[in-house]
Amino acid sequence: MGRRKLVAGNWKMNGMKSHLAEIEAIGRIAAERPVVEVGICVPATLIMAAAERKGGAFIGAQDCHMNASGAHTGCLSADMLAEAGAEYIIVGHSERREAQGESDADVAAKALAAKAAGLKVILCVGESLDVRDAGNAEAVVCDQLLASLPQGAAADWLAIAYEPIWAIGTGRIPTMEAVASMHAALRAALASRIGAHEADAMRILYGGSMSGDNAAELMAIPDVDGGLVGGASLTAAKFGPVIAAA
Ligand code: G3P
């Protein structure tokens with residue numbers, strides 16, 4: 001055990017230069033709480049400027065290409081993002097799996113590309129409402145995790161984020177029991193692939209309508225090692241209470 005909590009904001013397609021003051025304010029909050037690892041995954045256009053104002057927080061990106069360079073118009077390699085100042089990359093977010101058609105194999109390849117560039121990775125998994133209602137969410141999400149898991153997955157560069165798709169941006173979250181059960185199932189799935197020792201060290205975050213109102217309860221669940229936070233990470237006023245809850 002002894003996993004350090006990780007709380008990462010995902011700004012998605014939000015954030016202009018005028019929002020850099022929020023990065024600064026979040027960075028100050030992070031500096032006051034070194035016991036928690038705090039970061040913000042910003043749009044790529046903000047990485048350089050955000051990295052100069054990050055204080056005690058890390059700056060991350062939200063996606064990368066699986067190749068290191070080449071004829072991929074409009075895409076960014078992990079090396080480029082690292083050079084710009086990113087320290088983490090989110091891969092496999094459900095919004096990209098759905099809208100960009102990213103497969104589990106794509107997600108694993110992107111994670112490896114990020115690692116090769118020296119970046120840490122937050123790999124997302126999660127079920128649709130149909131799957132949750134059908135009653136087999138744990139089996140589906142564990143399968144998705146194992147299919148997306150990159151070779152050499154290890155706790156010093158990889159964290160997992162469980163984000164039920166139906167909880168993202170909706171204000172709805174699963175019951176605490178359902179979250180606890182899913183996280184325990186994910187850790188067992190990890191152990192089956194990478195061994196109990198490494199699985200025990202790997203952080204599994206919860207994401208989906210996490211806020212200052214529910215973060216303390218969610219992060220008190222033994223297998224919940226932090227959060228991946230969307231809407232509530234956009235301002236220091238909203239993100240501060242989530243960080244404090246960790
Ligand atoms: O990656 C974080 C995310 O998908 C959750 O978004 O707005 O529900 O916190 P939100």
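In which pocket does the ligand sit? The ligand sits in the second largest pocket, where a pocket is an open set of points, on a 1 Å grid over the protein atoms alone, with protein on both sides within 12 Å along at least five of seven lines, and a molecule sits in one if more than half of its atoms lie within 2 Å of its grid points. Before going further, note that this is a predicted model, in which local features need pLDDT of at least 70 and side-chain atom pairs count only at pLDDT 80 or more, while totals for chains, interfaces and linings use all residues. Residues are numbered from 1 along each chain as its sequence is written, and side-chain values use heavy atoms, with hydrogens and water left out.

Select the ligand and its surroundings next. The shell holds 13 residues, the closest being His93, Glu163, Gly169, Ser209 and Gly231, and a residue belongs to it if one of its heavy atoms lies within 4 Å of the ligand. By class, this shell has four nonpolar, seven polar and two charged residues, with Ala, Val, Leu, Ile, Met, Phe, Trp, Tyr, Cys and Pro counted as nonpolar, Asp, Glu, Lys and Arg as charged, and the others, Gly among them, as polar.

Now look at individual atoms. A polar side-chain atom of asparagine 10 lies 3.0 Å from an oxygen atom of the ligand, while a backbone N or O atom of glycine 230 lies 2.8 Å from a ligand oxygen. For serine 209, a backbone N or O atom is 2.7 Å from an oxygen atom of the ligand.

Stay on serine 209, which lies in the loop between strand 7 and helix 10 (215–219), helices (H or I, at least four residues) and strands (E, at least two) being DSSP runs numbered from the N terminus. Its phi is positive, about 55°, although serine 209 is not a glycine. Most residues other than glycine have a negative phi.

Move to glutamate 163, in the loop between strand 6 (158–162) and helix 8 (176–194). Glutamate 163 counts as buried because its relative accessibility is 5%, buried meaning under 20% relative accessible area, exposed over 50% and partly exposed in between, with a 1.4 Å probe and protein chains only.

Finally, select arginine 203, found in the loop between helix 9 (196–201) and strand 7 (204–207). The side chain of arginine 203 reaches the backbone oxygen of arginine 4 at 2.9 Å. Arginine 203 is also buried, at 11% relative accessibility.

Key: Polar contact = N/O pair within 3.5 Å; in protein donor to acceptor, adjacent residues only side chain to side chain. 1 Å grid on protein atoms, 1.4 Å probe; cavity = no way out; pocket = protein on both sides within 12 Å on 5 of 7 lines; lining within 4 Å.
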